[in-house]
Amino acid sequence: MEIPKNRLLPDTAQINSLGHLEIGGVDVVDLAKRYGTPIYLYDETTLRNRMREFVSSLKETYPKSKVLYAGKAFLIKKMTRILAEEGLGLDVVSGGEIYIAKESNFPMENVYFHGNNKTIEELKFALEVGVRNIVVDNLDELKLLVSLVKRRPINILFRLTPGVDPHTHSYISTGKIDSKFGFQLNSKDLETAVELVKTDTFLNFKGLHCHIGSQIFDTKFFRISAEIMAEQVVTFTKKWNLPVEELDMGGGLGIAYKPSDDPPTPKEMAVSVADPIGEVCNREGIELPTLILEPGRYIVGNAGVTVYTVGTIKEIPEIRKYVSVDGGMADNPRPMLYQAEYTAFLANKMNKIPVETVTIAGRFCESGDILIDKAVLPTVENGDVLVISATGAYNYSMSSNYNMCPRPIVIGVRDGKDEVWVEREKYSDLVRLQR
Ligand SMILES: Cc1ncc(COP(=O)(O)O)c(C=O)c1O
């Protein structure tokens, strides 16, 4: 097997003298022996590399900018500490995510609160712990905020639906017209919201936001949505006399899940959004807004892998060979949710040549619990250490206790050292809240 060149595996991945996969200077086979499996394994170097790359690409392209990490992709206390050290802000979508940020002393002024149905309790909690930036999704939410914010002013951004469909799977495309997210352009609700915000003393209009979808490979969709949003900047500034200080264009940059994937770079994403904004603001003589981007998947996706142990193997002659691992849909629901595709490696057989095509099945009681339909691997045997790459985003954060299975341990590696970031759940955790 080879280490793919398209950054599918973490940046530090290599094959050591034993023919084992090594990440962050740590032998993955040895790690599996010491901690058991499954493991969500994160390479801290890759996390930091991606953060730095994203921040510097955007800064070089558009100096007046900031990067918020989309916490929904993977948020634990360790992550918020790394983010703070690297100077990124944080996009949160729930009281729980805010709580994690608060627990790790993340600077609350760098937190932006999103969501299409934030509850009163969540909004109150956000205000209480010092979240100052709320991305308002709809008129009902704005009215709620007017009733809640009576002392200290807060900043608000309006989430708009630019109507761009980036042709990804419909479950992960959020900016097209038929979407539960955001204000429709030119709508009555938006006009009412504008009037409301102009008359309220405690809501400080800060800017606009959109997010058109995720795992986007064609930057033309970022460009089209930036053109639409730049025209909105003009409308807000000139027609409604609400200058747009911040324009948040969301996340969505795609990553490699397969060796053949060739996603765009952060620089290409930055250029595709910055160009139209620059052109329109220039043309209209409007001051450039601060440009915000919110990558999630790009920062964590390829920094993480999941480590499993191969259990039973079932061969159906001339049909397929099922290789079952000790995890599956509860630690990675994405293949079942939207047919996400992944790549597997045998960490203990990295110097062996791939010779067979197998189906990687999970251990959960659903026939559809298939992690990879066709994985090309060296001869697979019971006890092999199987690694699925690019599981750093939307895996741990979407995991469940289906079949009453405890969630895996989360381990970080760096410079030859491993560290437990989140303990493996125990059976006792499964009944902890039960009466
Ligand atoms: C509002 C918003 N911002 C950012 C993101 C992050 O997207 P990605 O992980 O594709 O970069 C999402 C993901 O759905 C989102 O809804």
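**Exercise 1. Describe how helix H6 packs against helix H7.**

Helix H6 (residues 139-148) and helix H7 (residues 188-199) pack with their axes 10 Å apart and at an angle of about 15°. Helices here are DSSP runs of H or I with at least four residues, and strands are E runs of at least two, both numbered from the N terminus. Axes are lines fitted to C-alpha atoms over the stretch in contact, and angles run from 0 to 180 degrees between N-to-C directions. The model is predicted: local features need pLDDT of at least 70, side-chain atom pairs count only at pLDDT 80 or more, and totals for chains, interfaces and linings use all residues. Residue numbers start from 1 along each chain as its sequence is written.

Next, classify the angle. H6 and H7 are therefore roughly parallel to each other (under 35 degrees; over 145 is roughly antiparallel, 65 to 115 roughly perpendicular, the rest oblique). The crossing of H6 and H7 is left-handed (the near helix is turned anticlockwise from the far one by less than a right angle; clockwise is right-handed).

Then list the contact. H6 supplies Leu-139, Leu-142 and Val-146, and H7 supplies Asp-189, Thr-192, Ala-193 and Leu-196 (C-beta atoms, placed from the backbone, within 7 Å). By class, the contact of H6 with H7 has five nonpolar, one polar and one charged residues (Ala, Val, Leu, Ile, Met, Phe, Trp, Tyr, Cys and Pro are nonpolar, Asp, Glu, Lys and Arg charged, the others, Gly among them, polar).

**Exercise 2. Locate the two domains and describe the side of domain 1 that touches domain 2.**

The protein chain is divided into domain 1 (14-43 + 301-431) and domain 2 (45-298), with bounds from an automatic or database domain assignment. Their C-alpha centres lie 33 Å apart. Domain 1 gives 23 residues to the contact and domain 2 gives 21 residues. On the side of domain 1, the elements giving two or more residues are strand E4 (39-43), helix H11 (334-338), strand E20 (409-414) and strand E21 (417-422). The largest share, three residues, comes from E20. This side of domain 1 has 13 nonpolar, seven polar and three charged residues.

How values were computed. Contact = placed C-beta atoms within 7 Å.
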